[in-house]
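Good morning, and thank you for joining this meeting.

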Amino acid sequence: MPELVFFSGTMDCGKSTLALQIQHNRSARGLQGMIYTRDDRAGEGKLSSRLGLATEAVEVADDLDFYDHVVQALTAGGRVDYVIVDEAQFLIPPQIDQLARVVDDLELDVFAFGITTDFRSKLFPGSQRLVELADRVEVLQVEALCWCGARATHNARTVGGQMVVEGAQVVVGDVNRPESEVGYEVLCRRHHRRRVTAAGARAATLSPDVLPVD
Ligand SMILES: Nc1ncnc2c1ncn2[C@@H]1O[C@H](COP(=O)(O)OP(=O)(O)O)[C@@H](O)[C@H]1O
Ligand SMILES: Cc1cn([C@H]2C[C@H](O)[C@@H](COP(=O)(O)O)O2)c(=O)[nH]c1=O
């Protein structure tokens with residue numbers, strides 16, 4: 001049975017790498033996929049992994065109807081055996097419904113990859129709809145780690161190395177950016193709740209709250 005699968009995890013846990021591996025393994029067996037992404041860091045129409053691999057992809061905007069797009073490709077004589085969508089958190093909820101229709105009416109597997117929650121630990125609307133509609137939600141096995149060594153489960157946005165909780169939900173960016181830039185850092189829930197980033201923890205170690213008194 002074809003499925004809508006949501007591969008989910010924090011930033012930097014290997015989602016795009018897995019998308020590229022699924023694409024590679026299937027195309028090596030002669031299957032043809034439609035590859036979609038939205039706002040990949042590498043630029044328009046690219047699905048890229050931090051391991052250095054990338055592939056061409058259809059850049060998605062709000063007005064793209066996935067069902068119509070796949071039907072058009074088939075009607076034009078193209079072959080579509082499966083669908084891959086990266087950065088699926090950026091999709092609008094009706095597009096997730098369209099992906100479910102691709103599975104049910106066109107009988108194609110759809111593999112969607114994305115982060116579940118934003119820097120405030122709130123669901124992205126697209127991810128929420130995926131959790132609601134997916135046949136399966138798969139959490140990636142390679143653990144991203146918090147600076148403390150615990151499994152990272154949350155995404156923090158950082159400015160000057162410090163975690164921020166105000167701002168737009170969507171700001172395309174990356175982990176391991178210079179502290180002067182807006183960036184992201186993955187944290188365990190404990191440190192996300194306490195807003196302690198790696199830089200914050202280092203600073204606290206260097207300047208203890210209570211100085212020794214003679
Ligand atoms: N130099 C490296 N050597 C080995 N693995 C790396 C290296 N750089 C990144 N990775 C792996 O790539 C993962 C990030 O992959 P990517 O597909 O870009 O993540 P995501 O799409 O989830 O943000 C990291 O968690 C790490 O496992
Ligand atoms: C937490 C969070 C992330 N983003 C952006 C930052 C990146 O461009 C992508 C995630 O990409 P990845 O391949 O999973 O690393 O999402 C955002 O816009 N808002 C956020 O709150």
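How do the residues of the shell around ligand 2 divide into nonpolar, polar and charged? Before I answer, please note that this is a predicted model. The shell around ligand 2 is made up of nine nonpolar, four polar and seven charged residues.

Let me stay with this ligand. In total, 20 residues surround ligand 2, and the closest are Lys15, Arg50, Phe119, Gln169 and Val171. In the side chain of arginine 41, an N or O atom is 3.1 Å from an oxygen atom of ligand 2. For glutamate 87, a polar side-chain atom lies 3.1 Å from an oxygen atom of ligand 2. With valine 171 the backbone takes part: a polar backbone atom of this residue is 2.8 Å from an oxygen atom of the ligand. On its own, ligand 2 has 490 Å² of accessible area, and the protein covers 99% of that. The space that ligand 2 takes is the largest pocket.

I turn now to ligand 1. Which residues are around ligand 1? They are Met11, Asp12, Cys13, Gly14, Lys15, Ser16, Thr17, Ser49, Arg50 and Leu51. By class, this shell holds three nonpolar, four polar and three charged residues. Here, too, I shall name some contacts. A backbone N or O atom of cysteine 13 is 3.1 Å from an oxygen atom of ligand 1, and one of glycine 14 is 2.9 Å from an oxygen atom of the ligand. Threonine 17 contributes through its side chain, where a polar atom lies 2.6 Å from an oxygen atom of ligand 1. The accessible area of ligand 1 on its own is 580 Å², of which the protein covers 62%. The space taken by ligand 1 is likewise the largest pocket.

My last topic is the aromatic rings. How many aromatic pairs does a search of the whole structure find? The search finds four. In one of them, tyrosine 36 and phenylalanine 66 have ring centres 4.8 Å apart and ring planes at 75 degrees, so this pair is edge-to-face.

How values were computed: Residues are numbered from 1 along each chain as its sequence is written. Chains are lettered from A and ligands numbered from 1 in the order in which they are written. This is a predicted model: local features need pLDDT of at least 70, side-chain atom pairs count only at pLDDT 80 or more; totals for chains, interfaces and linings use all residues. Side-chain values use heavy atoms; hydrogens and water are left out. A residue is near a molecule or strand if one of its heavy atoms lies within 4 Å of it. A polar contact is a pair of N or O atoms within 3.5 Å; within protein, one must be able to donate a hydrogen and the other to accept it, and residues adjacent in sequence count only if both atoms are side-chain atoms. Accessible areas come from the Shrake-Rupley method with a 1.4 Å probe; for residues, only the protein chains shown count as cover. On a 1 Å grid over the protein atoms alone, a cavity is a set of points where a 1.4 Å probe fits but cannot get out, and a pocket is an open set with protein on both sides within 12 Å along at least five of seven lines; lining residues have an atom within 4 Å of a point. A molecule sits in a cavity or pocket if more than half of its atoms lie within 2 Å of its grid points. Ala, Val, Leu, Ile, Met, Phe, Trp, Tyr, Cys and Pro count as nonpolar, Asp, Glu, Lys and Arg as charged, and the others, Gly among them, as polar. Rings of Phe, Tyr and Trp (its six-membered ring) pair if their centres lie within 6.5 Å; planes under 30 degrees apart count as stacked, over 60 as edge-to-face and the rest as tilted.
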